[in-house]
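Reader: I have a model open and want to learn how to read it. Can we go feature by feature?

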Amino acid sequence: DGIWRLSKLAVSVQNDPGKDFLGVSDGLLQEIAKAIKFPVASMLPPGAFSVIRKSFDARKMLKEAKFVYTVDMNVSELINLEPRTIDFISDLEPRVGLIEHMPLERVSGDIISIIQGCKKVEGERLLKEGGISDYSCNAGTYKYTGSRKPKIAVVGSGPSGLFASLVLAELGADVTLIERGQPVEQRGRDIGALMVRRVLELESNFCFGEGGAGTWSDGKLVTRIGRNSDSVLAVMKTLVHFGAPGNILIDGKPHLGTDRLVPLLRNLRQNLQEQGVSIKFGTRVDDLIIEDGHVVGVKVSDSRDQQKLDCHKLGFDAVILAVGHSARDIYHMLLSHDIDLIPKDFAVGLRIEHPQELINSVQYSSLSTEVHRGRGKIPVADYKVASYVSREDGKTPSSSGPTSRSCYSFCMCPGGQVVLTSTDPSELCINGMSFSRRASKWANAALVVTVSTQDFNSLDFHGPLAGIDFQREFERRAAIMGGGDFVVPVQTVTDFLDGKFPVTSLPPSSYRLGVKAAKLHELFPMHITDALRHSVSVFDKELPGFISNEALLHGVETRTSSPIQIPRSSDTYESLSLKGLYPVGEGAGYAGGIVSAAVDGMHAGFAVAKRFGLFLDGI
Ligand code: FAD
């Protein structure tokens, strides 16, 4: 009796209905039968199995590309099938090599919202930490028992701010969500004006506005913080609750695409408002109000008023700072209050774009005809490459460690486009986005090299904000190389490797505001260029065809992750230098993507709730 998990069930492309089918096909039943040594696959009831994960594996070492499944098997349904199976079941355990966990406690079926998910997550965490004394175990709901609701400001409506707000609203706090940018409807129009008329709204663009930096993005939901952890699962289920397709819970490389993110955010906003969250769009936090070493509020202004003429003071019991890593003004403001900021390594480089068909054929060979621009049986091909280079000469190092740096592809957008992520017209930086079908003709990815304090110092940038100065320097150089008006400097990979100024015509680019041929090999310090060159050659061995006249490098990619970390307590999430301030998400240096930022915001929400005695019952 119970649920048993079967993994690594591989079904050939021929025998699988394709990437969009997440049920139990005949092909999968046959693999299950083989795995559990059940003699007749057609006798297995499909209802006894549910697909937990489905990935496409086209690695070169395989003889044939396959869909790979993880499946849960409900043993009691098999027993009900017919009497003879009982013998089979009792005999099963010693025979099944592929069964991983027996029996598996199924994640309690219907966690449909963040809070239901988090009750479990946080409950378990607090139990482990002995934090149970703050919580009563009787009523089965959350309740706040203080004399008045704590007033919490959440600054920033990216994934971290949204999830912190959700948790706190549900737990009974009086939440005000403050966002310098616009709601997604207006933000869409502002981004449209940027793409068509080259008007950069300083406060409503690819980085700022409802949903944060990842809204006009590929919406990749892969994360390095543990795909199967309860926290990640709670976030993913919440996204489904607010409108993401259920397949993100199963797909091995889930992604949403901008077209799905926008309606999801609208639903989330409505839910927050129904729970009493006051959302202030177009409102920028300019300063913190501090009394006796404690934050007691924020100063805000209308974000479209550049003169900050009309500044308001708002009082709060705590401030969650979820501003992302493009809010450079906030770092300066924090520094003016002597709040600890620690420079952090990050990565810089260029964005490479190939025709998607080229990447499909490099990855899938003859199977590439099955892609059909996102409508075919197999997913639009992506890639992920990485290498180490020596710090001194950019060549292969003798070992990884302090004398080496890593160079890797980042934020690969299959079937996507290159977009402008500048927040200041004198600076130029780019990133990638896509729609859910990933149907465009292009594949783009950042190719970046890690940089650290040593690199910042070598350009005479010092102090806690040296990383930002370093980013700015190359964003400005790129803007100059492009000649202004957000035109992006580009160079073919072959010319970049040869150090040649392009004489032939350029391959097309998905970037909508225009590209200009440039000597990108002169943009970064030589050791960074050398590292990129060396890595590109290494990547070409792994992905033959990566070096191509059709591959176009775009400059520059600088905002891969935060250049700063704001130190905070690992238990309470409170800043170590200012009471009442809770730095969270990517801007604070604790996340590196949509899912990890959401998880960080969620945990911070619980930490703040705990601090104010918002009780969690029934755990
Ligand atoms: P953010 O999302 O940056 O949100 C911060 C919010 O705070 C913003 O909305 C900003 O307007 C607001 N804010 C800033 N300062 C103030 C202030 N002073 N007052 C009020 N509000 C303020 N990650 C992935 O995992 N998958 C992807 O596919 C992916 N693609 C990306 C594509 C693009 C084009 C970009 C730019 C990023 C992409 N990322 C992706 C990264 C991802 O978006 C971030 O890691 C994530 O959004 C960080 O979340 P956050 O909540 O910490 O901050």
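Reader: Where is Asp460 found?

Author: Asp460 sits in the loop between helix 12 (453-458) and helix 13. Helices (H or I, at least four residues) and strands (E, at least two) are DSSP runs, numbered from the N terminus. A note on the source: this is a predicted model, where local features need pLDDT of at least 70, side-chain atom pairs count only at pLDDT 80 or more, and totals for chains, interfaces and linings use all residues. Residues are numbered from 1 along each chain as its sequence is written, and side-chain values use heavy atoms, with hydrogens and water left out.

Reader: What is phi of Asp460 near?

Author: Start with the general idea. Most residues other than glycine have a negative phi, and most peptide bonds are trans. Asp460 has a positive phi, near 70°. Asp460 is also exposed, with a relative accessible area of 60%. Buried means under 20% relative accessible area, exposed over 50%, partly exposed in between (1.4 Å probe, protein chains only).

Reader: Which peptide bond is cis?

Author: The bond from Gly555 to Val556 is cis, with omega near -5°. Look for Val556 in strand 21 (residues 552-557).

Reader: Now the whole chain. How many helices and strands does the chain have?

Author: The chain has 16 helices and 24 strands. Of its 619 residues, 57% count as buried. For contacts, the rule is heavy atoms within 4.5 Å. Among contacts between residues at least 6 apart in sequence, 73% join residues at least 24 apart.

Reader: How many residues has the largest nonpolar core?

Author: A nonpolar core is a set of buried Ala, Val, Leu, Ile, Met, Phe, Trp, Tyr and Cys residues joined through side-chain atoms within 4.5 Å. The largest here has 139 residues, and Ile32 and Phe49 have the most contacts inside it. Helix 16 (residues 594-611) gives the largest share of this core, ten residues. Leaving out residues up to four places away in sequence, Phe49 touches Val24, Leu29, Ile32, Leu44, Val71, Asp72, Met73 and Leu78. Another core, of 25 residues, lies apart from it; Val155, Val285, Val319 and Leu341 are among them.

Reader: At what angle do helix 6 (residues 159-170) and helix 16 pack?

Author: Axes are lines fitted to C-alpha atoms, for helices over the stretch in contact, and angles run from 0 to 180 degrees between N-to-C directions. Helix 6 and helix 16 pack at about 35°, with their axes 7 Å apart. The crossing of helix 6 past helix 16 is right-handed. A crossing is left-handed if the near helix is turned anticlockwise from the far one by less than a right angle, and right-handed if clockwise.

Reader: Which residues meet there?

Author: Helix 6 brings Pro159, Ser160, Phe163, Ala164, Val167 and Leu168. Their partners in helix 16 include Ile594, Ala598, Gly601 and Phe606. By class, the contact has twelve nonpolar, three polar and no charged residues. Ala, Val, Leu, Ile, Met, Phe, Trp, Tyr, Cys and Pro count as nonpolar, Asp, Glu, Lys and Arg as charged, and the others, Gly among them, as polar.

Reader: How do I read helix 10 (residues 328-336) and helix 13 (residues 466-482); what is their angle?

Author: They pack at about 150°, with axes 12 Å apart. Helix 10 and helix 13 are therefore roughly antiparallel. Angles under 35 degrees count as roughly parallel, over 145 as roughly antiparallel, 65 to 115 as roughly perpendicular and the rest as oblique. Helix 10 passes helix 13 in a left-handed crossing. Arg328, Tyr331 and His332 of helix 10 make the contact with Ile468, Gln471, Arg472 and Glu475 of helix 13. These residues divide into two nonpolar, two polar and three charged.

Reader: Is His325 buried or exposed?

Author: His325 is buried, with a relative accessible area of 10%. His325 lies in the loop between strand 11 and helix 10. His325 and Gly587 are 262 residues apart in sequence, yet 3.9 Å apart in space, C-alpha to C-alpha.
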